[in-house]
Amino acid sequence: MNSVEKRAILGVGGIFALRMIGLFMIVPVFSVYGDNYAHATPFLIGLAVGVYGLGQAIFQIPMSLAADKFPRKPIIFLGLILFALGGMIAANATDIYEVIIGRALAGSGAVSAVLMALLADVTREEMRTKAMATMGLTIATSIMLAFAFGPLLVGSLGMSGLFWLTSGFAVLAMMLLFVVPTPLRVLKHNLDNKSIGQQLASVLKIGDLNRLHISIFALHLTMTAIFVLLPHQLFEVLGLSVRQQGLVYLPLLFIGFAVAIPFIIVAEKKRKMRQVFLGAIGLMTAALALLALGSHVGVGIILGLLLYFMGFNLLEATIPSWISKRAPVANKATAMGLNSSSQFFGAFVGGALGGLLLTQPNLLAWGLLALIMGAALLLIFPIAQPPYLSSTTITIPKNINIQDWSRQMLAVDGVDELVVMAKEQVAYLKLDKTQLTDDSRQALSHLAQSPLDI
């Protein structure tokens, strides 16, 4: 990777980590500590855990649609401000409804898809797979660390302290945004003449993208529901306090992460993404079935969680990379927005469902989650392998008009997308090699003022 890509991954990865840790720290502890708020009920506690997902699901698509038409960074900054304000409201809450309002406002800062699209803008196609896989692992690791550190910190900080920490993370994320390069996107197929409905419809027609949306919905529904149910079961079966439970999650996280990494490498380098992807969903279905049958004993809970974490890490790492490969060039943020909306709507449904299942027998609660993941596997099974594309990096010639130069580049057959970073004097070309001719290669070399190996 070049220096621009490394800066982008550092900045975007840091923003993702801070947001995800802030959002998910309360998930494994709120079903216990939520009882301390006025008017709390099991359903409202589950709603408070999952309602941020409803805000994300509602606002992710409009923000991502806007990000395909306007500069991405101002939209991200607005989302982080909303995220910080929501944390402040929840930190000062005295009843459950105020917490729900704060979590919903934090969720309305729905910029996950815009961040992914920004990262895709400033990484070459060959490096994008690594970048997106890195983001997927960052998200998975951040969520798992949040599950571990939330229980460890709540004893000393309390729920209010965790929410204040969330707001502090949002401010740090705003600072990291300045680390990410600011790209100028130049597309061959401009969106200016497309309505929002046409823009959305063109993405919704792609069946494999819809299957990825189903997978992330089921993943986050079951994950959120699990961590509403687990604190009580770990206490009842193993006698662990909420604070001690973080020490259970942490080693399982690292074992699951270590086991998942070789499969992620196989999926990317050996082009076995479909096989690894479907295997991960099958593994998570089996893990939930094991929890349905064995959650009355400690070994059943531990083994079921370990298998689930392995599948969770695999899916979180591969889905962003897959979308970046399959999404249309001019609609990357829209496709990622639909996926993020599905993800967070799943978290909302999972939180509310987990609250309802708190009073149900273990076999019914875990069995229902296993059925949901199994149904998702059947719906996703027809998915095809993602396409594998190519790109090249060009040093922008000195003393030229960049707008004129960009138009000339895009006029060359085989060039689908051009991303210009004027400050760094670097441009990325996304190429369809099936359309490249000897004349177009010569034209590109002439415009780059140097020979190109394409």
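A residue counts as buried when its relative accessible area is under 20%, as exposed when that value is over 50%, and as partly exposed in between. By that rule Tyr52 is buried, because its relative accessible area is 0%. The model described here is predicted. It holds eight aromatic pairs and two salt bridges.

**Aromatic rings**

- A pair of aromatic rings is described by the distance of the centres and the angle of the planes.
- One of the eight aromatic pairs in the structure is formed by Phe24 and Tyr52, with 5.7 Å from centre to centre and 80° between the planes.
- The Phe24–Tyr52 pair is edge-to-face, because angles over 60 degrees between the planes are given that label.
- Phe24 belongs to helix α1 (residues 3–24) and Tyr52 to helix α3 (residues 42–67), so their pair ties together parts that lie 28 residues apart in sequence.
- Phe24 has a relative accessible area of 0% and is therefore buried.
- Tyr52 is likewise buried, at 0%.
- Phe344 joins Phe24 and Tyr52 in a cluster linked by ring pairs.

**Charges over rings**

- Arg19 places its charged end over the ring of Phe83, at 5.7 Å from the ring centre.
- Arg274 places its charged end over the ring of Phe381, at 5.0 Å from the ring centre.

**Salt bridges**

- Side chains of opposite charge can pair when their charged atoms come close.
- The whole structure contains two salt bridges.
- One of them joins the side chains of Asp208 and Arg211, with a distance of 2.7 Å from N to O.
- Asp208 and Arg211 are three residues apart in helix α9 (residues 207–238), which means that about one helical turn separates them.
- Asp208 has a relative accessibility of 12% and so counts as buried.
- Another salt bridge joins the side chains of Asp404 and Arg407, with 2.3 Å from N to O.
- Asp404 and Arg407 both lie in helix α15 (residues 402–410), where they are three residues apart, about one turn of the helix.
- Asp404 has a relative accessible area of 33% and is therefore partly exposed.

**Helix packing**

- Two packed helices are described by the angle between their axes and the distance between the axes.
- Helix α1 packs with helix α6 (residues 112–121) at an angle of about 165°, and their axes are 10 Å apart.
- Angles over 145 degrees count as roughly antiparallel, so α1 is roughly antiparallel to α6.
- The crossing of α1 with α6 is left-handed.
- Helix α15 packs with helix α16 (residues 438–448) at about 165°, with 10 Å between the axes.
- By the cut-off of 145 degrees, α15 and α16 are therefore roughly antiparallel to each other.
- The crossing of α15 with α16 is left-handed.

**Residues with a positive phi**

- Most residues other than glycine have a negative phi.
- His39 is not a glycine, yet its phi is positive, at about 70°.
- His39 sits in the loop between α2 (27–33) and α3.
- With a relative accessibility of 53%, His39 counts as exposed, because the value is over 50%.
- Arg271, a residue other than glycine, has a positive phi near 55°.
- Arg271 is in the loop between α10 (242–269) and α11 (273–294).

**Positions in sequence and space**

- Pro361 is located in the loop between α13 (332–357) and α14 (362–380).
- Pro361 has a relative accessible area of 52% and is therefore exposed.
- From Pro361 to Ala292 the separation is 69 residues in sequence and 9.5 Å in space, C-alpha to C-alpha.
- Val114 is part of helix α6.
- Val114 has a relative accessibility of 0% and so counts as buried.
- From Val114 to Asn401 the separation is 287 residues in sequence and 28 Å in space, C-alpha to C-alpha.

Technical notes: Residues are numbered from 1 along each chain as its sequence is written. Side-chain values use heavy atoms; hydrogens and water are left out. Rings of Phe, Tyr and Trp (its six-membered ring) pair if their centres lie within 6.5 Å; planes under 30 degrees apart count as stacked, over 60 as edge-to-face and the rest as tilted. Helices (H or I, at least four residues) and strands (E, at least two) are DSSP runs, numbered from the N terminus. Buried means under 20% relative accessible area, exposed over 50%, partly exposed in between (1.4 Å probe, protein chains only). A charge sits over a ring if NZ of Lys or CZ of Arg is within 6 Å of the ring centre and within 35 degrees of the ring normal. A salt bridge is a side-chain nitrogen of Lys or Arg within 4 Å of a carboxyl oxygen of Asp or Glu. Axes are lines fitted to C-alpha atoms, for helices over the stretch in contact, and angles run from 0 to 180 degrees between N-to-C directions. Angles under 35 degrees count as roughly parallel, over 145 as roughly antiparallel, 65 to 115 as roughly perpendicular and the rest as oblique. A crossing is left-handed if the near helix is turned anticlockwise from the far one by less than a right angle, and right-handed if clockwise.
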